[in-house]
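Take a moment to look it over, and then we will walk through it together.

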Amino acid sequence: MAEVQHPPLNWEASATATHPQVSSTLPPEVETCLKNARFLHLATCDALYPHVSLMNYTYLRSTPYDPNPVIIMTTNPSSKKTLNLINNPRVSLLVHDWVSHRPPTRVPDPARESSPPPQATRSSLASLLLNINTSALSSISATINGTARILQRGSEEEAWCKERHLENNTFGDQVREEQGLFGAPQNPSSAQGDGGASCFIEGEEVRVMVVGVKEGRIADWKGGVKDWLIISPEEQDLRGNGTMVNGIS
């Protein structure tokens, strides 16, 4: 049987701004991705190397303390990312809707360990999820640049953001069900009911940080690239009296 030939992916030169869009709100596809993704990747940097962390997060279009889009996260005050943020508050985030499980390669590698673990293949539901048509689910990845603020401990803003973050990251029985599905031992004695998520948010030493979204880039599965920039509603009015077409000035 002849091998199926797939068309080559396109690509765009993207060293500079590509198809830039300017608006007071996030592009709809980025907002949808942020509302649906489970985690994002946070990149901080010291004077030498970037440092990437996998993070729970909460996206909000605005807060009582900031009229612009923000992303709330929490961090251990003695972590590498916190130390980086103190010295350099500029951050880059990556969020995507790709299925992250690596499919089988064309040439099997006997040395490659399976992921998720073998227990997952014993479930017909897990097999279905692992073999689902990823092309139908995957569309974009979004890089988001902004400036992070570590909120003052005990402030009203910290309390408000922490409450919103906890509401958005309490998954209840879903966490325990996923642990069992992918072979991890379940803990029925957990009294929190959130898979332990709250300990990363409500702990006494936990610090709340807020990233003010400034700009970003969308990359699609075909290799297309689109840049975007967030401005205030007032600046948007000054640019075009609020009459931008499709967010483009």
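## Leu-34 and helix 1

Leu-34 sits in helix 1; helices here are DSSP runs of H or I with at least four residues, strands are runs of E with at least two, and both are numbered from the N terminus. Is Leu-34 buried or exposed? Its relative accessible area is 4%, and buried means under 20%, exposed over 50%, and partly exposed in between, with a 1.4 Å probe and protein chains only. So Leu-34 is buried. Beyond its neighbours within four places in sequence, Leu-34 is in contact with Leu-26, Tyr-57, Tyr-59, Ile-71, Val-95 and Ile-144, where contact means heavy atoms within 4.5 Å. Leu-34 and Thr-58 are 24 residues apart in sequence, and their C-alpha atoms are 8.3 Å apart in space.

## The model and the whole chain

This is a predicted model, in which local features need pLDDT of at least 70 and side-chain atom pairs count only at pLDDT 80 or more, while totals for chains, interfaces and linings use all residues. Residues are numbered from 1 along each chain as its sequence is written, and side-chain values use heavy atoms, with hydrogens and water left out.

The chain has eight helices and nine strands. Of its 249 residues, 34% count as buried. Among contacts with a separation of 6 or more, 71% join residues 24 or more positions apart. The chain exposes about 15600 Å², and carbon and sulfur atoms supply 55% of that area, as computed by the Shrake-Rupley method with a 1.4 Å probe.

## The nonpolar cores

In soluble globular proteins, nonpolar side chains tend to be buried together. A nonpolar core here is a set of buried Ala, Val, Leu, Ile, Met, Phe, Trp, Tyr and Cys residues joined through side-chain atoms within 4.5 Å. Which residues have the most contacts inside the largest core? They are Ile-71 and Met-73, in a core of 26 residues. The elements that give two or more residues to this core are helix 1 (28-36), strand 2 (40-45), strand 5 (70-75), strand 6 (90-96), strand 7 (140-150), strand 8 (207-220) and strand 9 (225-230). Apart from this core lies another, of seven residues, among them Leu-60, Leu-151, Cys-161 and Val-210.

Leaving aside neighbours within four places in sequence, the contacts of Ile-71 include Leu-34, Leu-40, Tyr-57, Leu-93, Ile-144 and Met-209.

Helix 2 (residues 80-87) has Lys-81, Thr-82, Asn-84 and Leu-85 as its buried residues. Their arc around the axis is only 160 degrees, which puts them on the same side of helix 2. On the other side of helix 2, Ile-86 and Asn-87 are exposed.

Helix 5 (residues 156-168) has 13 residues and reaches 19 Å from its first C-alpha to its last, close to the 18 Å expected at 1.5 Å a residue; the expected span is 1.5 Å times one less than the number of residues. Its buried residues are Glu-157, Glu-158, Cys-161, Lys-162, His-165 and Leu-166. These cover an arc of only 155 degrees, so they are on the same side of helix 5.

Ser-155 lies in the loop between strand 7 and helix 5, and counts as buried at 19% relative accessibility. A polar atom of its side chain lies 2.8 Å from the backbone oxygen of Gln-152. This is a polar contact, a pair of N or O atoms within 3.5 Å; within protein, one must be able to donate a hydrogen and the other to accept it, and residues adjacent in sequence count only if both atoms are side-chain atoms.

Asp-220 belongs to strand 8 and is partly exposed, with a relative accessible area of 32%. The side chain of Asp-220 reaches the backbone nitrogen of Gly-223 at 3.0 Å and that of Gly-224 at 2.8 Å. Asp-220 and Ser-139 are 81 residues apart along the chain, with their C-alpha atoms separated by 5.6 Å.

Terms used
The arc is that of the directions from the helix axis to the C-beta atoms.
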